[in-house]
Structures are given as C-alpha cells and as structure tokens.
Amino acid sequence: MAMTGVLRPGHAQIRVLDLEEALHFYRNVLGLVETGKDATGRHYFKGWDERDHHSVIIRQADRAGIDFFGFRVLDVATLNQLEKDLNAYGVKTERIPAGELLETGERVRFQAPTGHFFELYAEKTHVGNGSGLVNPAPWNPKTAEHGIAPIRMDHCLLYGPNIQANKDLFTKVLGFRVVEYVMAPDGEHTAAFFMSCSHKAHDIAFVEHPEPGKLHHISYRLESWERVLRAADIIGMNKVPVDISPTRHGVTRGTTIYAWDPSGNRFETFCGSYEPYPDWEPIKWTFDEFGYGLDHTTGKLHESFLTIVS
Ligand SMILES: [Fe+2]
C-alpha cells in the first residue's frame, strides 16, 4: 500500500498537575525516553523504538487533559496541500512556527468539531532508536527494559460532541477511513468511530460526549501480550490507579490495560489488533453487545471507562 498524505500519529501534548510527579511517572513507570526540555518548561518524550525526536510532551497546568494531537504528513508539499484542503472545506487553520516545539518544523493547527485541536506537520528531527540504521540490534537494553517501555505512542481516543462531523472531516479531507464503529442505544446514531490513516486498526477514535475537547486515553504500543502482562506487574508495583485490568477488546481485537497517570489522564498499554488494507469493510458494533466490544472477557460496560475523561 502506498502511504501518502497523513502518515501517522506524531505527538500529543498532555497537561499534568504536578510536574515532578509526572516526570517520575513518564520516565520511570511508563518508561518513555526523555529527549528534551524547552524554555517554557515542557518536557519531551518518545517510545524507545520511535525515530523522531518526540511523541509525548508534558506541561504543568492547573487542569489535566490534552492541548493538541499532531499527525506527521509525508512532506512539506503535502502539508501545504492539506492546509488548502482544510480551508476549502471551511476549516480555519493557524501556522505555528518551526521550532515552537523542539526539533519540529512548521505546524498547521486547526480545531475539529469535537473541540479538539489537531496539528499537521512534515518535519521533525530523526534521532533514531539508539541501534542505528546499519546492522541494528533488535532492541536497546538501555531503553527497552526501563519501566513499561512502550515501542511507541500509538493512538488516542477523544471525547466530544459532533463526532459525525469529525468523521466527515477526517475521511473527506485528511484521508482517514472508518475501520470500526459503535452504534448508540437508539440504533440510529453512531456513538464511536475508530479511524485509520494507515494499515492500523485505529490511529484515532472519537466518542460522542457533550463536553468538547476531552481526553479519554493516549495509547502506548507494546510488542506482545506478555509485555502487556509485564506492564500490569509494573503498574501494580507502582500502585498506579487502574481502570481496566488486562483483557482483550472486541473492538479492534487489541489486548489492553487502562490506567491513569498521576494527574488523572488515562493511558492504555496495548498490543495485538489486525492490519486492515484499504478494501476493509468497516465493522459495526450494536450497543447491546458493546460490553463485549469493550471487554471481551467479561462483556462488562465499565462505568468508569464510559464516563471518566480529562
Ligand atoms: Fe485505545
């Protein structure tokens, strides 16, 4: 499959309430690799196998949640074209200068109908995964065994109103496609869309919710179910508050744990899922079976999962 246009999730900027506590969590419990700190006090991290300079940025604030989520696009020409396409569709854009985020080129920012801010960018410094590009070792002992140690920041799930309008924007303008969706209890409206810009089951997902701009979770990819269980051990050792203990989703078939960072931002450690090609026909979940979509072991509609956001 030729991949053009929007390539992948690139970064999330997350608000934390206590920077020192958050730094300990993101460095040592989640085990991301810290790659920088800027003049405004933001700290930059990446998963050990990511090559770009960063994928997670944290900043201290008086409320938790997400400032923005960024996608890497193929090149500068693509960035310029996508900005024109957004404007033609009626979406206002703002240019954020190169360097405003460390080691990152110019970004095109816009607000989606759900109230979330998204960014597109074409350039971010490649720092590599520590193994080099010639005869690399499969993993780097300095980074791949420290804490939970995800491979990468993989996707996010966001809550807000007007998810149908977000779905239209992401599919018609940005080249995403719907891979799975969940019907609302009325059987007519859609309660959730899982969408991909790549070969993944989801690069982003939206759930209908009255409050705009809310974060449900940032997800971190692990290599195996055994690594998810190892993450569960580390979560327990560090008394990290857990939302859903290890299980499998029906939706996207991923294996998963949900827990919260010290500021109340939910995160997921997951692996598995499948790899849909562009001829994939979307999977539909009816609300009466959605418990199994969420937690395929118990079929339980976890109240906390459905209602707590940051
Ligand atoms: Fe997820």
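Reply: A residue is called buried when its relative accessible area is under 20%, exposed when it is over 50%, and partly exposed in between (1.4 Å probe, protein chains only). By that rule Ala149, at 2% relative accessibility, is buried. The model is predicted, so local features need pLDDT of at least 70 and side-chain atom pairs count only at pLDDT 80 or more, while totals for chains, interfaces and linings use all residues. Residues are numbered from 1 along each chain as its sequence is written, and side-chain values use heavy atoms, with hydrogens and water left out.

The domain assignment, an automatic or database one, gives domain 1 (6-121) and domain 2 (152-307). Their C-alpha centres lie 20 Å apart. Each side brings 41 residues to the contact, where contact means heavy atoms within 4.5 Å. About 3,100 Å² is buried between the two domains, and carbon and sulfur atoms give 73% of this area. Buried area is the accessible area (1.4 Å probe) that two parts lose on being put together, summed over both. In domain 1, Tyr89, Pro113 and Thr114 lose the most area to domain 2, together 19% of what that side buries.

Between the domains there are 0 salt bridges, a salt bridge being a side-chain nitrogen of Lys or Arg within 4 Å of a carboxyl oxygen of Asp or Glu.

On the domain 1 side, the elements that each supply at least two residues are strand E1 (6-16), helix H1 (19-29), strand E5 (65-73), helix H2 (76-88) and strand E8 (117-121). Helices (H or I, at least four residues) and strands (E, at least two) are DSSP runs, numbered from the N terminus. E1 gives the most to this side, with 10 residues.

Pro9 lies in strand E1. Pro9 counts as buried because its relative accessibility is 6%. Beyond its neighbours within four places in sequence, Pro9 is in contact with Phe69, Gly70, Phe71, Met153, Asp154, Lys200 and Asp203. The C-alpha atoms of Pro9 and Glu226 are separated by 25 Å.

Two further residues concern backbone geometry. Ala149, in the loop between E8 and strand E9 (152-160), has a positive phi of about 55° although it is not a glycine. Lys239, in the loop between helix H4 (225-237) and strand E14 (242-248), also is not a glycine and has a positive phi of about 50°. Ala149 is buried, whereas Lys239 is exposed, with a relative accessible area of 73%.
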